[in-house]
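I opened the model to look up a few things and noted each as I went. The entries below follow the order of looking.

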Amino acid sequence: MEPLTEQEIRAAFVNCTKGEAKRLSVPRDLADRPWDDLDYLGWRDPQAPDRAYLVTEWRDGRPRAVALRSSAPAFGQTRRSMCTMCLTTHSGGVSLMVAPKAGKAGQQGNSVGAYICSDLACSLYVRGKRDAGIGARLHETITLEEKIRRTVANVAAFVAKVSTA
Ligand SMILES: [Zn+2]
């Protein structure tokens, strides 16, 4: 994806107030992120580990960002689960991330949940740039391009669900 600035990211949030978007923590090392290898930029709030954020390039070419609440993996959890974005399986490395919906639906308490890599590094797992251990990636005959396209489509579907009332 194209590199983004802090200002662009803050302006891209669809499911929190302008005030929240202004205050939430955006990574300071944006310039050093591996943008070429990212299908979305995801991060956790270092001050509030149950908060996570992801921003992706939307169909109109503009960024769209989503605020998430994540349950910490249960202590000692060893059950393997699969990320629904990149289809990587981790032991204890996948979290249920819940996003309040945009607008009125969100104010009424509606939310969308998905199991996502706890470190929000799906793009790197797909490309084999981060290792989740033996058996983490399904052996598939499809190409890397196709895996990337699938991840992008999964993330876009999730962001679309959050964005629609
Ligand atoms: Zn993932």
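Entry 1, ground rules. I count a salt bridge when a side-chain nitrogen of Lys or Arg lies within 4 Å of a carboxyl oxygen of Asp or Glu. The model is predicted, and I read every value below as computed from it.

I looked up D37 with R127, where the closest N and O atoms are 3.8 Å apart; that is within the 4 Å cut-off, so the pair counts. Are D37 and R127 buried or exposed? Both are buried.

Next I took D119 and R130, whose closest N and O atoms are 3.1 Å apart in a salt bridge. D119 is in the loop between β7 and α4, while R130 is in the loop between α4 and α5, so the pair ties together parts 11 residues apart in sequence. D119 has a relative accessible area of 30% and is partly exposed. R130 is also partly exposed, at 37%. I then checked for shared partners and found one network of salt bridges that joins D37, D39, R127 and K129.

One further pair is D29 with R33, at 3.0 Å between the closest N and O atoms. I find D29 partly exposed, with a relative accessible area of 34%. R33 counts as partly exposed at 23% relative accessibility.

Which residues are the protein donors of the zinc ion? I list C83, C86, C117 and C122, each through its SG atom, at 2.2 to 2.3 Å from the ion. The angles among the 4 donor atoms run from 103 to 118 degrees, and the site is tetrahedral. For reference, the ideal angle for four tetrahedral donors is 109.5 degrees. Along the sequence I read the donor spacing as C-x2-C-x30-C-x4-C. I looked up accessibility for both. C86 is buried at 1% relative accessibility, and C117 is buried at 0%.

In what order do the strands of the open sheet run? I trace 5 strands as β1-β2-β3-β6-β7, paired antiparallel. The edge strands, β1 (40-45) and β7 (111-117), each pair on one side only. Ignoring direction, neighbouring strands are turned by 30 degrees against each other on average.

I went through the pairings next. Strands β2 (residues 48-57) and β3 (residues 63-70) are antiparallel over 7 bridges, with T56 partnered by R64 in β3. Between β3 and β6 I find 2 bridges, again antiparallel; here S70 has M97 in β6 as its bridge partner. β6 and β7 are joined antiparallel by 7 bridges, and P100 stands opposite S111 in β7.

Which strands does helix α5 lie across? I find α5 (residues 144-163) across β1, β2, β3, β6 (94-100) and β7. The helix runs at about 155 degrees to β7.

Methods
Residues numbered from 1 in each chain as written. Predicted model: local features only at pLDDT ≥ 70, side-chain atom pairs only at ≥ 80, totals over all residues. Heavy atoms only, no water. Pairing = 2+ DSSP bridges. Helix = DSSP H or I, 4+ residues; strand = E, 2+ residues; numbered from the N terminus. Axes fitted to C-alpha atoms, helices over the stretch in contact; angles between N-to-C directions. Contact = heavy atoms within 4.5 Å. Donors = N, O, S within 2.8 Å, 3.2 Å for Na, K, Ca; no water. Tetrahedral: all angles 85-135°; square planar, octahedral: opposite > 155°, others 65-115°. Buried < 20%, exposed > 50% of the residue type's maximum accessible area, 1.4 Å probe, protein only.
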